[in-house]
Amino acid sequence: DRPDLEPPEKADGVSRRFVLTAGGVIAAAAVVGTIGRRMLADTANTLADRARLVLPVPAKPAPPIPPGTDLDVDGVTRFVTGNADFYRIDTALQVPRLTTADWSLRIHGMVDKEVRLSWADLLAMPMTERLVTLTCVSNEVGGDLIGNAKWLGVPMKEVLELAGVRPGADMLLSTSSDGWTCGTPVSAVTDGRDALLAIGMNGEPLPIEHGYPIRQVIPGLYGYVSATKWVVDWEITKFSEAKAYWSTRGWSELGPIKLSSRIDRPANSTEHAPGEVVIAGTAWAQHTGIERVEVRIDDGPWQPAELATEYSVDTWRQWKFAWQATSGEHDVQCRAIDKKGNAQIEDNASPAPDGSTGLDGRTYTIT
């Protein structure tokens, strides 16, 4: 017997050790219950706040979507992605719950004057509405971590001008209410693109999961260096002096979106009758624009696909190709060419550290 271990004390057949353990479990359960009730209350407050919010009329509304932007081909992702279907990437187990009364934005660092913007201050500024396609750097070739929505917000450039950027600053380090950080080139905010502090998504206040009450939307950059949700802090600094969440984990700092395309239909490894088979999908070169999409059957030549009407250089573009299919098993690939004449990179690379490359492909059996 070990002398340092005393026998458990018995009380009505129940050990003292068990009583202590049970007491600890009960205490832990009480703490969890308190946290759970607080989370439910925060969620209820945020949902009520969102329900009361009436979005302002934009001073600069988005241009109307012209006919032909949606090719209306079965199986092709629609031009505008619904809020419920828009991709999400979260780093926290619990999505932040923030109300408009709670929110403010502090702008500091290499600025002429420090500014703290309240919700009322923000609503007093003219709003801009734009359609912008967002993409996650984790998107594999042919993946679905991409979406296109109509955003309403204040141009980030105008907000930044309230503080003034000092010479030499090249990084906007934004921080979410949950502490997540993101490093964005100042040039991407000030070069005239439609970078927005967005409060609306597809005609509604932002969903909680997409950053309610406010998030960043910046065309042309992967989300990890641009699309901060629940943003509450801007520090103007230098890339040589500050690091953001993902750049400390080996990902590149600037994150421009890579030219890519995807086959949406028909599904891979499906069988079809000989004759016309419509292959269709989407392509994107955000803030550059798609010039053309081409399709290759087996090892044959690249052939031009039919493009949908272009909406803007900041949105994706649908395409389709009418293939006269013959019997046998066939490999089909697509590639995009942007408006600068650059063809999609064909060499396969994984998303880390700056976005995937390669050609999306499908195999079809014609019987």
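**Close-up views of a predicted model**

**View 1. The lining of the largest cavity holds 6 nonpolar, 6 polar and 2 charged residues.** Nonpolar here means Ala, Val, Leu, Ile, Met, Phe, Trp, Tyr, Cys and Pro, charged means Asp, Glu, Lys and Arg, and polar means the others, Gly among them. Of the 14 lining residues, N139, Y222, S260, W284 and S356 lie nearest the centre of this cavity, whose volume is about 100 Å³. A cavity is a set of points on a 1 Å grid over the protein atoms alone where a 1.4 Å probe fits but cannot get out, and lining residues have an atom within 4 Å of a point. The model is predicted, with local features needing pLDDT of at least 70 and side-chain atom pairs pLDDT 80 or more, while totals for chains, interfaces and linings use all residues. Numbering runs from 1 along each chain as its sequence is written, and side-chain values use heavy atoms, without hydrogens or water.

**View 2. The second largest cavity contains about 70 Å³ of space.** Volumes are the space filled by probe spheres on grid points joined across faces, edges and corners. Among the residues around the second largest cavity are M171, T181, Y224, F239, Y245, W246 and E253. Sorted by class, its lining comprises 7 nonpolar, 4 polar and 1 charged. In total, the structure has 3 cavities of 30 Å³ or more.

**View 3. The largest pocket has a volume of about 440 Å³.** Look for I89, D90, W180, G223 and K229, which are the closest to its centre of the 26 residues that line the largest pocket. That lining is made up of 15 nonpolar, 6 polar and 5 charged residues. A pocket is an open set of grid points with protein on both sides within 12 Å along at least five of seven lines.

**View 4. About 330 Å³ is the volume of the second largest pocket.** Among its 19 lining residues, G220, P256, I257, K258 and T288 are the closest to the centre of the second largest pocket. Here the classes come to 9 nonpolar, 6 polar and 4 charged.

**View 5. H210 lies in the loop between β10 (204–205) and β11 (215–217).** H210 counts as buried because its relative accessibility is 4%, with buried meaning under 20% (1.4 Å probe, protein chains only). Beyond residues up to four places away in sequence, H210 touches N83, F86, Y87, R88, M201, R215 and K229; contact means heavy atoms within 4.5 Å.

**View 6. The largest nonpolar core gathers 64 residues, and those with the most contacts inside it are L105, I107, L122, W151, V159, L197 and W234.** A second, separate core of 20 residues includes I279, A285, W319 and Y364. A core joins buried Ala, Val, Leu, Ile, Met, Phe, Trp, Tyr and Cys residues through side-chain atoms within 4.5 Å. Across the chain of 367 residues, 48% count as buried.

**View 7. An open, antiparallel sheet of 4 strands runs in the order β13-β15-β19-β18.** β13 (260–265) and β18 (306–307) are the edge strands, each pairing on one side only. β18 pairs in the antiparallel sense with β19 (residues 317–325) over 2 bridges, and L307 sits opposite W319 in β19. Strands are DSSP runs (E, at least two residues), numbered from the N terminus, and two strands pair if DSSP finds at least two bridges between them.

Terms used: Buried means under 20% relative accessible area, exposed over 50%, partly exposed in between (1.4 Å probe, protein chains only).
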